[in-house]
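Dear colleague,

I am passing on the structure below, together with a short account of what was found in it. Please read the account with the coordinates open beside you.

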Amino acid sequence: MELDTILKAGAVLGGLGFAFGGLIAAANRRLKVWEDPRINATVDLLPGTNCGACGSPGCRGFAERLVAGEAEPAGCTQVDEEQVTAVAEYLGVDAGEAVKRIARLLCAGGTDVAKHHGDYTGAKTCASAAAAGGGAKACSWGCIGLADCAVVCDYDAIHMNQFGLPVVDPAKCTACNDCVVACPKDLFVIMPVDQPLLVQCKSLMEGEAAEETCKVACTGCGKCAMDSDPDAISIIDGLAVVNYDQGVHVSPKATERCPTGAIKWIEWEQFTDTQLPSFTPKGAEHKGAIKV
Amino acid sequence: MALKHHEYSSPHFLGGVHPPESKELTAHLPVRRMPFPDEVVIPLSQHIGAPAKPIVKVGDHVERGDLIAEAGGFVSVPMHASATGTVKEITRWPHPSGNLTPAIRIAVDKHSAQVPRARTIPDWRGLSKPELIQAVQDGGVVGLGGAAFPTHVKLSPPEGTVLEYLILNGCECEPYLTTDHRIMVEQPRRVLTGLLIMMRALDVKVGLIGVENNKPDAIVALQEVLPEYEAELKEHGMRIDVIGLTVRYPQGAEKMLILALTEREVPRGKLPLDLGVLVQNVGSVASIAEIFETGLPLLERVVTVTGHGIRKPSNVLVPIGAKLKDVFEFCGGVTMDARQIVMGGPMMGPSQANLETPIIKGITGIVVLPAGEVKSQEEYDCIRCGHCLDACPVFINPQRLGLLAKNMRYETMQEDYALNDCMLCGCCSYVCPSNIPLSQLFGASKAYLRRNG
């Protein structure tokens with residue numbers, strides 16, 4: 001090969017490189033969009049899980065809102081106080097106050113109290129059981145207990161107790177809504193942790209018929225409503241419904257005369273009175289993630 | 001697995017399976033009427049569509065055939081008391097779907113002769129089309145093949161629809177069941193009269209009755225009475241053919257039946273109506289004929305009570321609302337080793353957990369399986385053998401769909417793998433050597449998409 005050819009090739013490629021480099025440099029100067037450097041720094045301080053519980057589309061969206069002053073650092077449900085303070089200090093804003101929101105299960109019918117009316121031998125997920133007649137419990141509204149919620153929880157916040165009920169660890173729960181979507185019986189609700197009055201039942205059966213299917217069912221007797229403020233509790237379709245509106249006074253007195261214990265005053269974790277070391281029933285865990 | 005094209009001798013579809021038929025238990029047994037039980041429970045939702053609205057109060061006396069609940073809309077049918085008695089309670093009661101749903105409980109009057117009130121019997125030939133459709137809705141007729149879709153809705157196609165074929169589904173491809181078989185053998189005139197009424201009402205020129213070849217006596221019975229209708233058919237330029245079909249599950253699925261009989265394939269997302277075809281179950285048209293023969297609404301239906309877990313397998317004429325336990329008592333009870341009760345056929349029917357569950361309009365049979373036939377088999381990983389692909393009658397990919405379902409990628413299943421085409425026939429689960437409950441996973445995925453979609 002002649003030296004001339006090599007030089008020519010080098011000159012052509014080098015020239016092209018310079019020309020395009022110049023174009024990019026010019027474009028960068030003319031079309032540059034300025035971004036607040038604090039956004040990237042704030043993203044680094046956030047957990048980076050993109051859970052969406054703050055209401056923004058991922059952590060970056062939240063960081064943009066934080067920098068713009070549209071959100072408060074406490075709006076992130078995943079980090080502890082120290083990290084919230086770190087974000088607040090970096091941005092020089094108030095950390096703000098956010099009431100912790102967590103997932104609550106509206107069923108207390110574990111295998112110890114709910115009537116078992118048949119063996120379920122199909123696919124071991126709640127969704128499958130619900131599609132095939134509702135699983136082993138006689139109550140058609142109750143928790144199936146095959147741990148779909150525990151499987152979808154990314155934060156290891158849900159564990160099944162020995163009666164087949166999912167127990168939400170309030171410290172770990174980020175209110176991300178995944179369990180609400182996964183539960184085929186719609187038993188999970190996301191609510192502030194400081195609303196302790198909870199009706200742990202969704203059965204629309206009334207009276208003795210309700211108690212027959214589950215010992216802790218709400219029978220719709222209305223005693224809780226009588227013992228509380230007139231607006232606080234109403235009985236709708238055989239079920240006590242608590243009014244969580246602001247300014248309505250609720251007290252633990254409503255739970256005192258409940259014949260079945262369906263209405264409970266819960267300040268932190270659910271099912272603490274029955275809970276032993278938690279475990280996941282055999283078959284409830286998925287057989288590894290199969291790559292599709 | 002699937003047969004090659006030249007291996008078929010009769011009209012057919014492609015794919016499907018052929019499970020042991022097990023119809024010999026009841027195929028030869030005449031239908032017997034069971035005595036009225038002590039209580040009947042009429043669920044308000046026995047059909048696809050809005051539930052009926054009760055119009056009786058607790059304590060009301062009702063005669064057999066009286067209206068007890070009005071239709072809750074156009075896609076809904078009224079409910080009638082299937083026995084004379086007193087309304088005991090309107091409450092939630094176990095439903096064959098597995099849920100507790102609102103129902104009317106009627107304590108049956110043991111001393112009553114169960115004779116319905118005298119009523120005028122309309123002559124269907126003198127009725128206009130809207131009157132006829134109204135009469136069918138008032139009769140509470142739904143598809144008796146299992147889906148329980150209100151029949152009058154099928155009788156009212158949208159304006160401008162041209163119907164070419166009216167197909168009667170006498171396939172009964174589910175193993176064990178002999179309900180439609182016995183109706184065709186014992187009441188061929190009712191079946192043909194019902195078909196004629198529908199053909200006249202919808203102005204369809206060709207009626208096809210598709211019967212699987214494992215029911216030769218049904219084909220003969222229908223063909224024997226067909227000449228009686230020849231004159232009227234000829235007068236209106238109509239034709240009715242009885243056609244034997246390849247024995248293959250799910251031959252009785254609407255789209256498979258249309259494909260076999262007319263060689264037309266219902267496209268994705270379309271209805272048979274778009275092809276000018278309407279399909280009805282033989283039991284449904286027989287009950288339409290019964291309305292215009294006796295004036296009575298749909299009060300009872302033929303149910304095959306069978307399986308090796310029942311002492312006396314029978315074809316029973318059951319009042320709507322009779323409880324499972326009463327039906328079993330009439331059939332000699334269940335054997336000591338009875339393990340599982342399936343309502344409907346074993347391929348698609350849901351299992352039942354409560355003997356208080358009433359028989360509703362859409363229940364074609366009750367199969368009681370003994371412990372030896374119910375095996376809870378261990379599930380293995382998919383080995384990608386492709387048997388499910390061969391068996392699937394709608395040509396979707398159960399193997400891929402199964403993996404996606406296990407990974408909860410429901411949206412991908414619907415968008416890229418045509419989950420909506422799946423009718424949950426269960427062929428894929430039946431052939432799967434790894435015992436993966438594919439059909440159940442698809443049912444759950446569909447339920448998820450309905451809930452969150």
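Predicted model: local features only at pLDDT ≥ 70, side-chain atom pairs only at ≥ 80, totals over all residues.

Just after helix 7 of chain B, Glu263(B) takes a positive phi of about 55 degrees.

The four strands named above belong to an open sheet of chain B, where they lie in the order 11-10-9-12 with parallel pairing. Strand 11 and strand 12 of chain B are the edge strands, each pairing on one side only, and the twist averages 25 degrees from one strand to the next. Within this sheet, strand 9 and strand 10 of chain B are joined in the parallel sense over six bridges, and Leu166(B) has Gly207(B) in strand 10 of chain B as its bridge partner. Helix 8 (residues 282-294) of chain B packs on the sheet, where it touches strand 9 and strand 12 of chain B, and its direction makes about 80 degrees with that of strand 12 of chain B.

As for the contact between the chains, 24 residues come from chain B and 22 residues from chain A. On the side of chain B that touches chain A, helix 14 of chain B gives the most, with seven residues, and the residues of that side divide into ten nonpolar, eleven polar and three charged.

With best wishes

Notes:
Residues numbered from 1 in each chain as written. Chains lettered and ligands numbered in written order. Helix = DSSP H or I, 4+ residues; strand = E, 2+ residues; numbered from the N terminus. Contact = placed C-beta atoms within 7 Å. Nonpolar A, V, L, I, M, F, W, Y, C, P; charged D, E, K, R; others polar. Pairing = 2+ DSSP bridges. Axes fitted to C-alpha atoms, helices over the stretch in contact; angles between N-to-C directions.
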